[in-house]
Amino acid sequence: MDLIPSFSVDHTKIIPGIFTSREDLVGTDNIITTYDVRVTRPNIEPAIDTASMHTLEHIIATYLRNDPEWKDEVIYWGPMGCLTGFYLILKGRRPSKDICDLLIAAFESVKDFDEVPGATAENCGNYLMHNLEIAKWWAARFADYLRDNKDKPETFEYPKTDRLVTDDGRQFFDS
């Protein structure tokens with residue numbers, strides 16, 4: 001069985017940033033791009049708590065789907081299972097650096113919210129699990145980080161894990 005691309009990233013070396021996770025052809029001529037929006041450093045910094053992650057998901061999805069320039073490009077915004085970041089799927093193909101300003105604005109927008117959009121029993125599957133104040137802290141921290149590091153290539157380039165390949169083309173795993 002092939003290792004999926006996101007598991008080929010060396011999680012001991014990845015830092016916060018925006019990375020192109022994959023590009024997929026949809027139909028005959030449409031590309032969609034999945035971005036890894038890494039907010040914390042895996043296995044080194046704490047993961048984002050579930051309630052704050054849920055709040056960031058609601059607010060930033062709302063922001064992205066209402067941004068006049070980008071709303072028609074957004075396919076998906078959602079959390080990673082490891083709670084260290086999010087996946088953003090957009091129509092088209094563009095380098096990660098090209099969406100940096102969009103994500104800075106999206107994370108900065110969190111400070112302006114006094115309530116979480118869609119946090120009602122009718123609109124959300126776990127509407128009581130939110131933490132707006134801590135979400136604001138995480139959002140400000142990441143927006144500041146992106147602004148301070150947007151000229152550094154490592155903010156946009158995935159570190160890869162090298163795997164031994166056997167003579168017959170299979171990848172070797174030591175665990």
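Mentor: Two strands are said to pair if DSSP finds at least two bridges between them. Helices (H or I, at least four residues) and strands (E, at least two) are DSSP runs, numbered from the N terminus. The model is predicted: local features need pLDDT of at least 70, side-chain atom pairs count only at pLDDT 80 or more, and totals for chains, interfaces and linings use all residues. Residues are numbered from 1 along each chain as its sequence is written, and side-chain values use heavy atoms, with hydrogens and water left out.

Trainee: Which strands are the edge strands of the open sheet?

Mentor: The open sheet has four strands with antiparallel pairing, in the order β1-β2-β4-β3. An edge strand pairs on one side only. The edge strands are therefore β1 and β3.

Trainee: How many bridges join β1 and β2?

Mentor: Strands of a sheet pair through backbone hydrogen bonds, either parallel or antiparallel. Here E23 stands opposite T33 in β2. β1 and β2 pair in the antiparallel sense, and the number of bridges is nine.

Trainee: Is F86 buried or exposed?

Mentor: Buried means under 20% relative accessible area, exposed over 50%, and partly exposed in between (1.4 Å probe, protein chains only). The relative accessibility of F86 is 0%, so F86 counts as buried.

Trainee: Which parts does the pair of F86 and F107 tie together?

Mentor: This pair is edge-to-face, with 6.4 Å centre to centre and 65° between the planes. F107 is buried as well, with a relative accessible area of 1%. The two residues are 21 apart in sequence, so the pair ties together strand β4 (residues 85-91) and helix α2 (residues 100-109).

Trainee: Why is α2 largely enclosed by the rest of the structure?

Mentor: The buried residues of α2 include L103, I104 and F107. They pack against several elements, among them β1 (17-26), α1 (50-64) and α3 (132-149). α2 is largely enclosed because the buried residues number seven of its 10.

Technical notes: Phe/Tyr/Trp six-rings, centres within 6.5 Å; stacked < 30°, edge-to-face > 60°. Contact = heavy atoms within 4.5 Å.
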